[in-house]
Amino acid sequence: MNRELTCIVCPMGCRLTVELNGKEVVSVSGNTCKRGEDYARSECTNPVRVITTTVRTKSGKILPVKTDKPVPKELMTECMRLINNLCPDCDGEIAMGKIICENILNTGANIIAAGK
Amino acid sequence: MRNVDLVIIGGGPAGMCAAVSAYNAGAKDILVIERDSDLGGILRQCIHNGFGLHRFKEELTGPEYAYKCETELKKFPIDVWCNTIVTDISKDKIVTAMSSERGVEKIQAKAIILAMGCRERPRGALNIPGTRPAGIFSAGTAQKYVNMMGYMPGKNVVILGSGDIGLIMARRMTLEGAKVHAVCEVMPYSGGLARNIEQCLNDFDIPLYLSHTVTDIHGSDRIEAVTVSQVDEKMQPIKGTEMYIECDTLLLSVGLIPENELSKSAGLTLDSITRGCRVDQNRQTEIEGVFACGNVLHVHDLADFVSEEGEVAGESAAKYILGKANTEKCNINVSTDGKVRYSVPQKITDTTVDIKLYYRVSGVFDNVMVVAEADGEIIAKQKKAKVVPGEMQYIVIKKDTLKKDTKELKIRIDKA
Ligand SMILES: Cc1cc2nc3c(=O)[nH]c(=O)nc-3n(C[C@H](O)[C@H](O)[C@H](O)COP(=O)(O)OP(=O)(O)OC[C@H]3O[C@@H](n4cnc5c(N)ncnc54)[C@H](O)[C@@H]3O)c2cc1C
Ligand code: SF4
């Protein structure tokens, strides 16, 4: 079976064709670079995404945050629910890069500040 | 009147990168003027990732990208005035700036860089029949509400326009708990990047209706529903295809226009397609010593290219100020064939440097050869599996391939 994908790793957005044998990836074509192949393999076995969102700090400031690595796609909604309940205390400092929540939902990913 | 060598208007990535490169190229007396309370421009509200892959080789959010540019800028003694709006520039490079702190002030500049970015097309520019209830926002305004003020404009959303901002907002509103019922695009293809269709719509099963538009708006105080219809090749709604979609919010993502009121006040004419100034390879406009870069010049999809263009403008402005600009000039007009919609620069005045010509196409074309022809002679070509209007491309014109007396450089699309 073949599966058609759009690579989301860079703005080129290459159209990928993945040859599948059940759940197993046999081959990937259409990619311009190696990252496209890695993406196709991951997407067909364990699709992951980086989450970018905001949290409201103690003083009411809106702070951009993100997961520092991709998390399983099916956990995105659950992660969002947890993130929206965070209320970090990092006012008056440049928060950029600061860990706001460690190892969210045991994914190994931290929520870090992605704005100042 | 204050004298400053280089005044840069706008503190987005274009302005910030222009300032740093001008400094490194020898201009030391530089002032960046930004009307917002902070540097960063539109990137401050673009909290999604996807920035900086070319420039920093990592995937950054908009605020992270802006922060990197700002950190670089702050390494140098470059003056920055925030909360200050430029209200006028004159032909002889007098900049009028206004702030509550300093009042109205006139600055005589030796060179000016225009880096004012762009703004969204107002709704007035769209002719949608129906009532005018509350709940209709431009996608960028909604982005500002959600990402900078922490306020959700609504719960049931329809988005008109499939440019990147609309796609990004579809995902953003969904993640924050809203239901996005549809993204409608009047064209038969999306104006956004393929990756954004994948990760912003397909990930959340949000339907994208191509060749569809909003033909009616319902509701009196607050929007209650929209009618969406399919359109034919002439963009006329097809009877019998109407869908009635209940919603409390309609986001309009219908394109950006370079913010060029100041350029007009300086007497610069605008390119009818890009809606930005006409520039040469140094990003110098028709007025010597006035340069333009970033979204004010033409709408970019990647901040990386904005930064790069800022650097070109910054270095050129510094050379101009130091009297090092190339004066042995030629005058080659760059034209396009219509399939290639426009190119930047529009004019080439130096044949002794490599030139990166940016262009955008007017439709979706498969398996093409992009050809650069100087007075009938092919000097560069480039094979492309697919070109789409949503993705800016470039072709490099190598130095010394153009001759001083070349009149015209034509960029066109052939079948491969
Ligand atoms: C919603 C959105 C999403 C995007 N997503 C991506 C993405 O995923 N990846 C990517 O690489 N690129 C993306 N881009 C493109 C990229 O971010 C922009 O092209 C880039 O930020 C433009 O930079 P700029 O400096 O030209 O303009 P801007 O960032 O708009 O900066 C212009 C600045 O000039 C100031 N200004 C304007 N007029 C005046 C005046 N009269 N006086 C003083 N100051 C003034 C404004 O306040 C503003 O700060 C996106 C753009 C938008 C709008
Ligand atoms: S395959 Fe490589 S070049 Fe193509 S979109 Fe993916 S990362 Fe980009």
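**Entry 1. Terms and model**

I count a salt bridge when a side-chain nitrogen of Lys or Arg lies within 4 Å of a carboxyl oxygen of Asp or Glu. The model is predicted, so I take local features only at pLDDT of at least 70 and side-chain atom pairs only at pLDDT 80 or more, while totals for chains, interfaces and linings use all residues. Residues are numbered from 1 along each chain as its sequence is written, chains are lettered from A and ligands numbered from 1 in the order in which they are written, and side-chain values use heavy atoms, with hydrogens and water left out.

**Entry 2. Salt bridges**

I looked up the salt bridges over all chains, and the count comes to 31. One of them joins the side chains of D38(A) and K34(A), at 2.7 Å from N to O. Both residues belong to helix 1 (residues 34-45) of chain A, where they sit four residues apart, about one turn of the helix. Helices here are DSSP runs of H or I with at least four residues, strands are runs of E with at least two, and both are numbered from the N terminus. I note that side chains of opposite charge can pair when their charged atoms come close.

**Entry 3. Chain B against chain A**

I next looked at the contact (heavy atoms within 4.5 Å). Chain B gives 29 residues to it and chain A gives 30. The two chains bury about 2400 Å² between them, with 56% of that on carbon and sulfur atoms. Buried area is the accessible area (1.4 Å probe) that two parts lose on being put together, summed over both. Of the area that chain B buries against chain A, Y67(B), L175(B) and R195(B) supply 22%, more than any other three residues.

Five salt bridges run between chain B and chain A. I picked out R49(A) and D203(B), whose side chains meet in a salt bridge at 2.5 Å, N to O. On the side of chain B that touches chain A, at least two residues each come from helix 2 (62-73), helix 3 (139-148), helix 4 (164-175) and helix 5 (194-201) of chain B. I sorted the residues of that side into twelve nonpolar, six polar and eleven charged. My classes put Ala, Val, Leu, Ile, Met, Phe, Trp, Tyr, Cys and Pro as nonpolar, Asp, Glu, Lys and Arg as charged, and the others, Gly among them, as polar.

**Entry 4. Ligand 1**

For the shell around a ligand I took residues with a heavy atom within 4 Å of it. Ligand 1 has 33 residues around it, of which E34(B), I42(B), N295(B), D301(B) and A303(B) come nearest. By class the shell holds 17 nonpolar, twelve polar and four charged residues. Helix 7 of chain B gives the most to this shell, with three residues.

I then checked oxygen atoms of ligand 1. One is 2.8 Å from a polar backbone atom of N295(B). A polar side-chain atom of H48(B) lies 3.0 Å from an oxygen atom of the ligand, and a backbone N or O atom of P13(B) lies 3.3 Å from one.

**Entry 5. Ligand 2**

Residues around ligand 2 include C7(A), C10(A), C14(A), C33(A) and R35(A). By class this shell has six nonpolar, four polar and one charged.

**Entry 6. Backbone in chain B**

I found a cis peptide bond from V344(B) to P345(B), with omega near 0°. P345(B) is placed in the loop between strand 21 (340-344) and strand 22 (347-348) of chain B. K93(B) has phi near 65°, a positive value in a residue other than glycine. The loop between strand 6 and strand 7 (94-99) of chain B holds K93(B).

Technical notes. Polar contact = N/O pair within 3.5 Å; in protein donor to acceptor, adjacent residues only side chain to side chain.
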